[in-house]
Amino acid sequence: MKPLSTLLTAGVFLALSAYDTTISKTRASGPIIINTTDTAALLDGRCGGDEWDIATKINLPAQASVYLMHDKHYFYLCATGKAEDFTALNLYIEHGETGHLHQFHLSAQMGERVRTDEGWGPSATWDIKDYAGFWVPFFGTEKTENGRRLKFALGTHRQIQVSRNKFVGDIWNMMIGVSGINHKGSDEAEFLYPAKAIADDRSTWAKFSFSK
C-alpha cells in the first residue's frame with residue numbers, strides 16, 4: 001500500500017482552481033447547509049441510488065465527490081472516487097469548546113488523533129469512540145518481486161458517522177481531504193475541501209450548518 005499523504009502535482013493545482021472559486025463564493029454567503037435525513041446511513045462502502053441521494057454533495061476534481069447529511073444523533077459523510085481509486089478520507093473537525101482539532105483517518109485502517117496546544121497526538125488506531133466508519137476492505141495477497149504483499153479493494157467509498165454529542169453546536173468548522181485518487185498519471189492525488197485548507201490552520205477550514 002502506497003503512502004497516502006502526498007503533495008499535489010502542478011496539474012492538480014490547476015484542476016483545483018475552478019472549484020476553488022465556487023467554494024469561495026459559497027463560503028462568503030454563509031455556512032454550508034448539511035441536509036437532514038430520516039434514514040440512518042448504512043456503512044456499506046457504497047453511496048448513490050440509496051439513502052445518500054438526499055445528502056449535500058460537494059464535487060471535487062477527478063470525479064471525486066463528498067456527500068454530507070445528518071439526523072438528530074449523527075453526522076454522516078461519504079467520500080467517493082472512481083472504480084480504480086483507493087479513496088482514503090481525512091476528516092478534520094474543530095471542537096467548539098476545547099478548541100482542539102480532531103482528525104479522523106480512514107484508509108486500510110481507521111483512527112482518530114487530536115491536536116492540542118502541545119501539537120498533534122498519536123493516532124488512536126481502532127480505538128473508536130463516538131464514531132464509526134467503512135475503511136478499505138482487505139482483498140487478499142499478491143505476488144511481487146519482493147514477496148507477497150497485502151491487497152486492498154479499489155472502488156469502494158469511505159464512509160464515517162460521528163456522534164453529534166462528540167462536538168458542540170449546530171455549526172461545525174471542518175476540513176475534508178480525499179486521497180488515493182487517480183489523476184494525471186498519479187494514483188496518489190489528494191483533493192481538499194476547501195481547496196486551500198491547511199490541517200493546522202482552522203481559519204482556512206469551512207463552516208457547516210446542520211439544517212433543521
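The exercises below work through a predicted model of one protein chain, each with a solution in steps.

**Exercise 1. Describe the chain as a whole: how many helices and strands are there, and what share of the residues is buried?**

Begin with the secondary structure, where the chain has one helix and 16 strands. Finally, consider the contacts with a separation of 6 or more, of which 59% join residues 24 or more positions apart.

**Exercise 2. Locate His73, decide whether His73 is buried, partly exposed or exposed, and find which residues His73 touches beyond its sequence neighbours.**

His73 sits in the loop between strand S3 (65–70) and strand S4 (74–80). Its relative accessible area is 48%, and because the partly exposed class runs between the buried limit of 20% and the exposed limit of 50%, His73 counts as partly exposed. Leaving aside residues up to four places away in sequence, His73 touches Val162, Ser163 and Arg164. For one of these residues the separation is given in both senses: His73 and Val162 are 89 residues apart in sequence, while their C-alpha atoms are 8.6 Å apart in space.

**Exercise 3. Which residues make the nonpolar surface patch of about 290 Å², and where does Trp126 lie?**

The patch is made by Trp126, Ile128 and Trp135. Trp126 is placed in the loop between strand S9 (124–125) and strand S10 (131–134), and with a relative accessible area of 40% Trp126 is partly exposed.

**Exercise 4. Count the salt bridges, and then examine the pairs Lys82 with Asp85, Glu94 with Arg202, and Lys166 with Glu112.**

The count comes to five salt bridges. In the pair of Lys82 and Asp85, the closest N and O atoms are 3.1 Å apart; Lys82 is buried at 12% relative accessibility, and Asp85 is buried at 0%.

Between Glu94 and Arg202 the closest N and O atoms are 3.0 Å apart. Glu94 belongs to strand S5 (residues 88–94) and Arg202 to the loop between strand S15 (186–193) and strand S16 (206–210), so this pair ties together parts that are 108 residues apart in sequence. Glu94 is buried at 18%, whereas Arg202 is partly exposed at 32%.

For Lys166 and Glu112 the closest N and O atoms are 3.4 Å apart. This pair links distant parts of the chain, 54 residues apart, with Lys166 in the loop between strand S13 (158–163) and strand S14 (171–183) and Glu112 in strand S7 (residues 110–116). Lys166 is buried at 14%, and Glu112 is buried at 9%.

Key
Residues are numbered from 1 along each chain as its sequence is written. This is a predicted model: local features need pLDDT of at least 70, side-chain atom pairs count only at pLDDT 80 or more; totals for chains, interfaces and linings use all residues. Side-chain values use heavy atoms; hydrogens and water are left out. Helices (H or I, at least four residues) and strands (E, at least two) are DSSP runs, numbered from the N terminus. Buried means under 20% relative accessible area, exposed over 50%, partly exposed in between (1.4 Å probe, protein chains only). Contact means heavy atoms within 4.5 Å. Patches are made of residues with over 30% relative accessible area and no salt bridge: like charges are joined within 9 Å, nonpolar side chains (Val, Leu, Ile, Met, Phe, Trp, Tyr) within 5 Å. Accessible areas come from the Shrake-Rupley method with a 1.4 Å probe; for residues, only the protein chains shown count as cover. A salt bridge is a side-chain nitrogen of Lys or Arg within 4 Å of a carboxyl oxygen of Asp or Glu.
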